[in-house]
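Here are my notes from going through the model. Have it open beside you as you read.

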Amino acid sequence: MDKTHLLSDQDEPKYDHPALANTATGQWKGSGLEATAPPPEEIPAVPGYENLGPGYHDVPPPPVGFQHPQPPAASPNRQWDIPAISEDLAREAFVEYASSSCCYSKKPPKEMVLTDLQALNTYRYRLETFTETRSTEWASEPYNGQLVDGMNGVAPGPWDITVSVPALFQDSETGVRIPHTASIKGCHSCLNLGKSACNRCVTSGRIQCERCNGLGFNTDQQRCNRCQGVGRVKCRDCSGVGSTPCNTCQGRGQLLCYIKLKIKWTNNIYVQVMDKRSGFPVDLLEFATGEVLLADMNALVYPVVSFPDESVNTASRKAIQEHQAQFSTSCRVLQQRQTIELIPVTRVHYAWKEKTHIFFVYGAEHNVFTKEYPAKCCCTIS
Ligand SMILES: [Zn+2]
Ligand SMILES: [Zn+2]
Ligand SMILES: [Zn+2]
């Protein structure tokens, strides 16, 4: 590391140069995310960042040329559809369902006659687009002898800085100091003094004695032994000094000003469950457990084209188009993942007390859904 331009190289720098350090340790873990910007008139000019005013500025990534990946191959020999569940399983699920509410009679699951079981399996398509956005902001922190690198090189662009991704498909954010943007400024809060006047004692260092209310004597006319009859005691807030260390510069009198890069990782999710219009409310299937038929991960995924159910191909095309329009210019797409899951749904027809009814068993959990339970204690006499 070139230290010739350090203003103070006696002190150990508190952090490594982000551009030179391993990117994992280069991420600044100090008070960076809370640091405040210096007043506008104090902001120095940094080549490449001349127009950076107060506040955050989103920085769209430079356009990247990419090659379209190939569509994922949906294995042709695979049996996509699975048969309806067995009668025993349907009955078991319905018994469980009836016992979930005290209001439901236990008779229908015990006495029913199953007449038909129909497989109405459907698919859930999910696209995840993992993106990175970057923004820049002026920030400052107390100067403790950190590396001052504003003069010894050219500041890299916001997207030229390498920061490793903590975890794919998980939301997170971090702050990094941009190299070659740091300079030292006097503290604007305390006018470089490093201290501010104590509010409690108004710089006198002494406050009224609270035991004798400043009289010097107690009610029985004895000399106050707290203030020894003086009526005033040492100020606790400033220990009698009359001033307290400045909060902004933590008593240093100087601030390190720099441009902070804020990086945000977001997992954007698109989910669609294919509606088979079987009378089953498709919303219930959003969180039901299914069986993964296809999992495809790439820098950019290509729409599924060869899935036997055309509505899944359409959903994939629509999802990818939508995410591309939404994210391709405003942020950097780091990774995409698409999955197709088979969600088992069985429509069960049964007869009970000379009437026919329907319930559905869905998901790997064998959840039950029915619009009308035939024997509720509050509304039906059974
Ligand atoms: Zn200060
Ligand atoms: Zn004081
Ligand atoms: Zn006193």
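**Notes on the model**

1. His180 first: with 20 other C-beta atoms within 10 Å, His180 is buried (buried means 20 or more other C-beta atoms within 10 Å of the residue's own, exposed 12 or fewer, partly exposed in between, with C-beta atoms placed from the backbone). His180 sits in the loop between β4 (172-177) and β5 (183-186), and has a positive phi of about 65° although it is not a glycine. Most residues other than glycine have a negative phi. Helices (H or I, at least four residues) and strands (E, at least two) are DSSP runs, numbered from the N terminus.

2. Before going on, some housekeeping. This is a predicted model, where local features need pLDDT of at least 70 and side-chain atom pairs count only at pLDDT 80 or more, while totals for chains, interfaces and linings use all residues. Residues are numbered from 1 along each chain as its sequence is written, and chains are lettered from A and ligands numbered from 1 in the order in which they are written.

3. His366 also has a positive phi, near 55°. His366 is in the loop between β14 and β15 and counts as partly exposed, with 19 C-beta neighbours inside 10 Å.

4. Those two strands belong to an open, antiparallel sheet of four, in the order β2-β13-β14-β15 (strands pair if DSSP finds at least two bridges between them). β2 (113-119) and β15 (367-369) are at the edges with a single partner strand each, so one side of each has no neighbour in the sheet. β14 (residues 355-362) and β15 pair over three bridges, and Phe360 has Phe369 in β15 as its bridge partner.

5. Now α4 (residues 310-327). Its buried residues are Val312, Ala315, Ser316, Ala319, Ile320 and His323. On the face turned away from the buried side are the exposed residues Glu310, Gln321 and Ala325.

6. Which residues touch the most other members of the largest nonpolar core? Of its 29 residues, they are Val312, Ile340, Val361 and Val368. Such a core is a set of buried Ala, Val, Leu, Ile, Met, Phe, Trp, Tyr and Cys residues joined through C-beta atoms within 7 Å. Two or more residues each come from α2, β3, α4, β12, β13 and β14. A second, separate core of 19 residues includes Val176, Ile178, Ile259 and Leu261.
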